[in-house]
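Have the structure open while reading.

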Amino acid sequence: MKLNAAPAIRARDIVKSFGAQRILDGVSLDVARGEAICILGPSGSGKSTLLRCLNWLSPPDTGEVWIGDERVGMRNASVPRPEREIRAQRSRIGMVFQSFNLWPHMSVLENVMEGLLSVKRMTRLDASDVAVEALRRVGLSGKHTAMPGSLSGGQQQRVGIARTLAMAPEVILFDEPTSALDPELVGEVLAVMRGLADTQTTMIVVTHEIGFARDVADRIVFMDGGKIVEMGLPAQIIDHPSSARLRQFLHRFTPHGPHS
Amino acid sequence: MTFDLAVLTAYVPALLHGFVDTIWLCVLSGALACALGIALVVGRRRGSRLLVVLIDGYVALTLALPLLVLLYVTFYVLPDFGLLLPASVVGVLTLAIYYAPYVAQVIQAAIDAVPAGTIEAGVAIGMSPLAIGRRIVAPQALPLLLPTLTGLMIGLFKDSALLSVISVHELMFTAKGVVSDTYAPLEVYFAVALVYWATTATLNHATRQWERRLALAHGVALER
């Protein structure tokens, strides 16, 4: 077992509504250091919103998020943290986006260096060293001077991962990282993520890649209707789903299902 | 009727002087208009409700008024309230006040065109609003902003001729003086028109080049 004792990130009773629509309805989740969690669920189940609550991009209405032993976004139950402290916390929580969100006016290397320069206040020399290493880890050593627009989707997403990786975050949130990719490009991104999981990177991955989840995740979370419906080991969740909703969901993704 | 540019020879220094004054007035009011335009954008985004209402009122009012009317109001009405300023100051301020809302609109449109995801990526990595503005929004918005902003500045340059009606000493005002000396309106206004045209064309060309360089430097494709 590769899990250490203290949780890297914790969510307690997260509730989030947009207007009258309750997107998250009391979600609690502990992720141990070094653990890889995959979150499955139909669209609209609140998976992406949960990730955005964890790094305070979209502050929850009620509930708590903790990174290590620090409460995210709030000093205590009623006092919000100043923006400056929230920014420091965000820099410890990495995020990889479905649509990459690279900065199109910067080269690949500059994209990876930017956070190191303007958030971590590193010198250009140090930042460049860290960025070069991050790009090596995602297999893009030859692309330092390329502009994002000239790369394939798979390469762009690997730059997105390197950009996050360079910040050395305590946990990385992946928001459907392969959903915007052509099918033939999905594999290279999943391979990089598999490598991260193998080196004990704490990660929470919202994905529709059931096969990846089964192979890589330490635990799988199934969400529906803003709640966690099932949570457990991959074998248990995928091969022996206990709820009808999960069985129905998995059926759509299995090779024999109608939407394989 | 004769056309003899030689009558202008004695007046070239005066006309040149007028032209230099025009340039100064335009640079000053253009810079002021841009500064005020940025302030309007920031104020509308981050200001209190009262400030937003005030800004909206100001913008609606200036967009509805002809520049000439605004010019007469500031020049002839303000002194009645005890505010007596030199004509050139009134001219510069009025041009700036008149053009600032247009500048603000152009900046706003360029900022809105920056993909939201690139800003969100900056927020998520922990960048400050200032760093996001400087490092992410501005470099992407600038190439979009330049063509329209130059268009506005060329408009401001041409409109500066209107300042002659409130006796600001610039090219057009000087030309009027020369006409009353020489009784040669054809030659004088021909020369003046040529100068306005040449300046506008140069400005146009210079921004084209600048745009191209920016687009190359930032790897942003110009859509045209």
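A nonpolar core is a set of buried Ala, Val, Leu, Ile, Met, Phe, Trp, Tyr and Cys residues joined through side-chain atoms within 4.5 Å. In this predicted model, the largest such core has 136 residues. Ile161(A), Phe174(A), Met193(A) and Ile204(A) have the most contacts inside it. Helix α4 (residues 87-112) of chain B supplies the largest share of this core, 14 residues. In soluble globular proteins, nonpolar side chains tend to be buried together.

Take Ile204(A) as an example. Beyond its neighbours within four places in sequence, Ile204(A) is in contact with residues including Ile9(A), Val31(A), Leu51(A), Val171(A) and Phe174(A).

Two helices of chain A come next. Helix α9 (residues 244-253) buries Leu246(A), Phe249(A) and Leu250(A). These span an arc of only 95° around the axis, so they sit on the same side of α9(A). The face turned away from that side carries the exposed residues Ala244(A) and Gln248(A). The buried residues of α9(A) pack against β3, α7, β9, β10 and α8 of chain A.

In helix α2 (residues 83-90), the buried residues are Ile86(A), Arg87(A), Gln89(A) and Arg90(A). They fall within an arc of 160° seen down the axis, and therefore line one face of α2(A). Their packing partners are β5 and β6 of chain A, together with α5 and α6 of chain B.

In chain B, a nonpolar surface patch of about 700 Å² includes Leu68(B), Tyr72(B), Phe81(B) and Val165(B). Val165(B) lies in the loop between α6 and α7 of chain B; it counts as partly exposed because its relative accessibility is 32%.

Key
Residues are numbered from 1 along each chain as its sequence is written. Chains are lettered from A and ligands numbered from 1 in the order in which they are written. This is a predicted model: local features need pLDDT of at least 70, side-chain atom pairs count only at pLDDT 80 or more; totals for chains, interfaces and linings use all residues. Side-chain values use heavy atoms; hydrogens and water are left out. Buried means under 20% relative accessible area, exposed over 50%, partly exposed in between (1.4 Å probe, protein chains only). Helices (H or I, at least four residues) and strands (E, at least two) are DSSP runs, numbered from the N terminus. Contact means heavy atoms within 4.5 Å. Patches are made of residues with over 30% relative accessible area and no salt bridge: like charges are joined within 9 Å, nonpolar side chains (Val, Leu, Ile, Met, Phe, Trp, Tyr) within 5 Å. Accessible areas come from the Shrake-Rupley method with a 1.4 Å probe; for residues, only the protein chains shown count as cover. A salt bridge is a side-chain nitrogen of Lys or Arg within 4 Å of a carboxyl oxygen of Asp or Glu. The arc is that of the directions from the helix axis to the C-beta atoms.
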